[in-house]
Amino acid sequence: MARTRYAPDRGLTTRMTATIFLLGLVFVAFIAAIIGIGAATHGSTAVIALFAIVLGGGFMIGSLFFSDKIALATAGAREVSPNDGPMARDLHAIVDRICALADMPKPRVAIADTDMPNAFATGRNADHAVICATTGLMRRLNHEELEGVLAHEMSHVAHKDVQVMTIASFLAIVAALLMRMAFYSELFGGGRRNNNDQNAALMLFAIMAVSIVVYAVSFLLIRLLSRYRELAADRSGALLTGQPSALKSALIKVSGDMSRIPTRDLRAAEGLNAFFFAPAMNLNAGASLSKIFSTHPSLERRLAELDKVQRQLSQAR
Amino acid sequence: MGFLDTLLGRTKPVQPKLDDLFALPSAAITLEAGTNFKPTGSGSVCFRAVEGRSFSDVEKDVRDLLNASSSAEGGLPVEVSKDSYGFTWLVSSRMSDELEALVTDLHAVNSSLVDNGFGPQLLCTLVAFRDDQERRLALIYLYKRGTFYPFAPLPGERRDNALELEVKGVIGDDLKWESDLSRWFPVWGAPGM
């Protein structure tokens with residue numbers, strides 16, 4: 001079989017598979033622990049756990065269905081048509097071409113009026129997607145750099161990243177809910193004096209402990225997964241446009257500008273961090289511990305991976 | 001994209017469909033019979049160039065190929081231009097009654113790119129038409145979808161949608177039309193129109 005220039009990156013695929021597998025493992029271990037606690041203490045853990053799972057599931061489905069509306073509202077973005085001015089026309093034209101190259105349905109196009117340069121795409125699948133760029137971004141980048149950024153965002157849509165990350169977060173949400181419910185049960189039920197008192201307290205304490213551990217571990221894994229998916233989107237975007245240098249240039253421009261913007265804007269953007277092209281809060285200035293909490297890989301890492309794409313594209317057949 | 005590819009974030013680049021382009025000559029006959037639009041003899045391939053030596057070598061080979069074939073028949077050399085969005089257009093001009101030869105040329109360009117592994121870079125092909133009132137029309141072929149759509153620009157970056165739909169009706173089933181109207185994207189200022 002002839003090797004294609006567009007072959008996927010084995011290393012990245014392996015790492016992502018491992019992370020997803022670990023998340024699944026943690027979920028299974030969590031369920032086992034809850035069942036174990038229930039069996040050992042004869043308590044009604046099943047009811048509490050079920051309640052938490054249903055509630056968590058509800059949040060998850062709700063956020064999936066409304067992700068586009070929520071994201072647009074939070075960013076202060078408005079949908080634009082190609083006739084809404086030269087910026088809108090350019091944005092539509094670039095998105096048109098990316099969709100034609102990638103054979104994807106065209107998403108709704110929105111512009112957010114802020115000087116902070118950034119772009120995001122959201123929506124539960126390709127048919128309900130929205131892509132948004134800020135006026136600050138369009139002002140700073142040329143057409144090719146903008147194309148690279150938008151191709152990265154469209155890759156998130158193609159990879160169904162909103163769905164994947166929401167489902168991955170499901171476990172953390174359920175664990176957090178269980179933690180809270182156990183905590184409050186302990187608070188309110190702690191004054192009873194009857195035979196089951198010892199058991200009930202033990203059970204609740206155990207649930208809380210397990211939930212805290214699960215929450216912490218899955219939080220770190222989810223952040224790790226998010227970083228890998230950013231790299232995957234970088235890679236897909238660069239392969240689609242065939243211009244990894246344009247994407248590198250855009251990354252450098254955007255990352256540099258991000259750190260110079262006053263803190264007012266950054267705090268407003270924190271909630272949308274996961275969707276953004278570059279993280280709105282730049283914790284990275286040298287500190288290595290903060291890297292494991294970051295939703296985005298470091299600039300150096302992203303540039304290095306794009307170098308790999310460049311080499312791959314220029315190899316002769 | 002398969003489930004596993006989505007899960008692991010691996011995008012498979014989309015390969016172009018090349019053969020549906022050959023339906024164009026017979027569709028042009030139907031078009032001329034039903035309206036007054038005749039081919040101008042100009043056709044172009046639009047693709048996204050890839051950075052690096054490998055692609056520029058392939059691009060040069062493709063241009064030489066086209067030039068050789070057109071000069072052998074006393075035609076014009078191929079024009080290469082880049083539009084404002086960074087896409088490259090290779091424009092081939094033939095006599096207006098040589099639509100079949102034009103389509104063969106365009107197919108040769110496509111096959112060259114595909115054979116060298118750059119199929120995913122192909123965006124669209126445009127064949128230009130004009131009627132006796134000097135109205136412009138293009139039939140655009142989307143490689144990744146294997147479908148056509150009409151494009152009738154008017155001055156001031158407007159589209160003559162009525163004309164486009166009329167053309168689609170006249171040609172009817174002779175061509176595979178793009179059913180998703182949001183994919184009928186405009187190519188303002190396309191060379192060769």
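**The sheet of chain B and its surroundings**

In chain B, strands β2(B) and β3(B) run antiparallel and are joined by 4 bridges. The model from which this pairing is taken is predicted. Within the pairing, B:Ser81 has B:Trp89 of β3(B) as its bridge partner. The two strands form a hairpin with 4 residues between them, and B:Gly86, which lies in the turn, has a positive phi of about 85 degrees.

Helix α3 (residues 53-72) of chain B comprises 20 residues, which at 1.5 Å a residue should span 28 Å. The end C-alpha atoms of α3(B) are 29 Å apart, in agreement with that expectation. Five residues of this helix may be named as buried: B:Phe55, B:Val58, B:Glu59, B:Val62 and B:Leu66. Because they cover an arc of only 100 degrees around the axis, these residues fall on the same side of α3(B). An α-helix has 3.6 residues a turn, so residues three or four places apart point the same way. The elements that cover the buried residues of α3(B) include β3 and α4 of chain B. On the other side of α3(B), the exposed residues are B:Arg53, B:Asp57, B:Lys60, B:Asp64, B:Ala68, B:Ser71 and B:Ala72.

Two individual positions were examined in further detail. B:Leu137 is found in strand β5 (residues 136-142) of chain B. This residue counts as buried because it has 23 C-beta neighbours inside 10 Å, the threshold being 20 or more. Leaving aside neighbours within four places in sequence, B:Leu137 is in contact with B:Phe37, B:Phe129, B:Pro150, B:Ala152 and B:Val167. B:Val127 lies 10 residues from B:Leu137 in sequence and 8.5 Å from it in space, C-alpha to C-alpha.

B:Glu32, in helix α2 (residues 24-34) of chain B, is partly exposed, since 15 other C-beta atoms lie within 10 Å. Outside the four places on either side in sequence, B:Glu32 is in contact with B:Phe37 and B:Lys38. B:Glu32 and B:Gly52 are 20 residues apart in sequence, and their C-alpha atoms are 43 Å apart in space.

Chain B also meets chain A, with 33 residues of chain B in contact with 41 residues of chain A. On the side of chain B that touches chain A, the elements giving two or more residues are α1 (3-8), α3 and β4 of chain B. Of these, α1(B) gives the most, with 3 residues. The residues of this side of chain B divide into 14 nonpolar, 11 polar and 8 charged.

Key. Residues numbered from 1 in each chain as written. Chains lettered and ligands numbered in written order. Predicted model: local features only at pLDDT ≥ 70, side-chain atom pairs only at ≥ 80, totals over all residues. Expected span 1.5 Å × (residues − 1). Buried ≥ 20, exposed ≤ 12 C-beta atoms within 10 Å, placed from the backbone. Arc of directions from axis to C-beta. Contact = placed C-beta atoms within 7 Å. Nonpolar A, V, L, I, M, F, W, Y, C, P; charged D, E, K, R; others polar. Pairing = 2+ DSSP bridges.
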